[in-house]
Amino acid sequence: MSCLRAYPRPITEFVKVTKSLSFSISLLDLIPRKILSGMRVYSRWRRFVLCLPLIFFLPHIFSVLELHQKSTIEDLHKNQTKKFDHLVLGPAAGEGLRDRLQCQGIKALNKTHFSTSHNSKFGESIAFVTVFATYNSSVDRLASGISRDLVTVGNISYNKVERSMAILNVFINFIQVTMPQSNMSYIAFLDTRLEDHSQQQGHVNHYIFTDSDVAIVDDLGQIFYNYPDFQLALTFRNNKEQPLNSGFIAVRGTPDGILRAKDFLQEVLKVYSSKYMNASRMLGDQLALAWVVKSHPSFNVKRFTRPQAFLEDIGGASVLFLPCAIYNWTPPEGAGQFHGMPLDVKVVHFKGSRKRLMLEAWNFLNSSSSDISDMLCLILKSGRTKYDF
């Protein structure tokens, strides 16, 4: 009896311990360590093998997505920069402004103000000077002799050379309509004008240098009559980087006017050669013009923000600054900072991809009973569009 009383507690504890052990042992504990290690390695390789195709194809998937995104952007940009081979009419900027041209369709509701020339009364005349270049016609043609880049305006097709000639002819036509007493001079130099001036007894011949893609829509003789003290005239706009446009420069035809203008332009050429020879496209001369003017100590650049003519002495030359809104109006800026077309606009400049509009405008004026004001409505409503040349 005494023995039986001595063992009951240890036996009970042993049973409890074995029960707790049975719950703590897992299936992995029964697998040998080497086999278990092999299974883990196999599992890692299996995941790697399954991911291997994804690793291989992932860069290609991103490339396809990137290519698709780039193609979408290019298509959007292409649609935005598409150049048209026909006139596209849009809204006329400046609607409701009393000093701007108002249009109903392509019919002018109010007429532009045209001036009368004063020069013939004083033995004065005006010569227009432009620089003209043509494309290489041999490059423009295929082996078959047919032009590779024909553009049709109205009933006439033009290659690149013929387009340049058409623009030049329309440039002349506009001048002959609005200033029939003026002379045309395509290559003129102020040096030769100075030499010849002594032979012109009492006659003054003023000069206006313009790009050939401008339309003179009013007589410009009033510039020399209304502003008798200037020697050189430039056009300006409210543009911080490029406030001056070289597409219109007027020179008074007196000996002093020609000499001062020549010295001023020589200074511009010097600055252009030293600072802006590598400027993109044809902006170098405008940057050089702005540099010469703005570097003058007493010049106030804030005057460019107000579209009012003003006179300033620059390097010994009396320079007249004329607002582009009137003397160098452009279709895209007409829809922007110019807020439409002023009623007293005198020069329309068909910059960039708007040469077609220049030809279309002349054809419209020449082939209909409409007047210049109606033609200006056509230009105003079509000017936001880029065309094929």
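**A chat about the core**

Student: Which residues touch the most other members of the largest nonpolar core?
Tutor: Leu220, Ile223, Met375, Leu376 and Ile379 do, in a core of 60 residues. Keep in mind that this is a predicted model.

Student: And which helix gives the largest share of this core?
Tutor: Helix 4, residues 160-178, with eight residues.

Student: Where is the other core, and how many residues has it?
Tutor: It lies apart from the largest one and has 27 residues, among them Val129, Phe304, Ile314 and Val319.

Student: Back to leucine 376. Where is it?
Tutor: Leucine 376 sits in helix 12, residues 372-382.

Student: Why does leucine 376 count as buried?
Tutor: Because its relative accessibility is 0%, and buried means under 20%.

Student: What does leucine 376 contact, leaving aside neighbours within four places in sequence?
Tutor: Leu101, Thr112, Val217, Met341, Val345 and Val348. Also, the C-alpha atoms of leucine 376 and cysteine 103 are separated by 9.2 Å, with the two residues 273 apart along the chain.

Student: What about isoleucine 379, which residues does it touch?
Tutor: Not counting residues up to four places away in sequence, isoleucine 379 touches Trp329, Pro331, Val348, Phe350, Leu357 and Ala361.

Student: New topic: where is serine 353?
Tutor: Serine 353 is in the loop that runs between strand 13 (347-349) and helix 11 (355-366).

Student: Is serine 353 buried or exposed?
Tutor: Buried, because its relative accessible area is 16%. Leaving aside neighbours within four places in sequence, serine 353 contacts Lys83, Thr385, Lys386, Tyr387 and Phe389.

Key
Residues are numbered from 1 along each chain as its sequence is written. This is a predicted model: local features need pLDDT of at least 70, side-chain atom pairs count only at pLDDT 80 or more; totals for chains, interfaces and linings use all residues. Side-chain values use heavy atoms; hydrogens and water are left out. A nonpolar core is a set of buried Ala, Val, Leu, Ile, Met, Phe, Trp, Tyr and Cys residues joined through side-chain atoms within 4.5 Å. Buried means under 20% relative accessible area, exposed over 50%, partly exposed in between (1.4 Å probe, protein chains only). Helices (H or I, at least four residues) and strands (E, at least two) are DSSP runs, numbered from the N terminus. Contact means heavy atoms within 4.5 Å.
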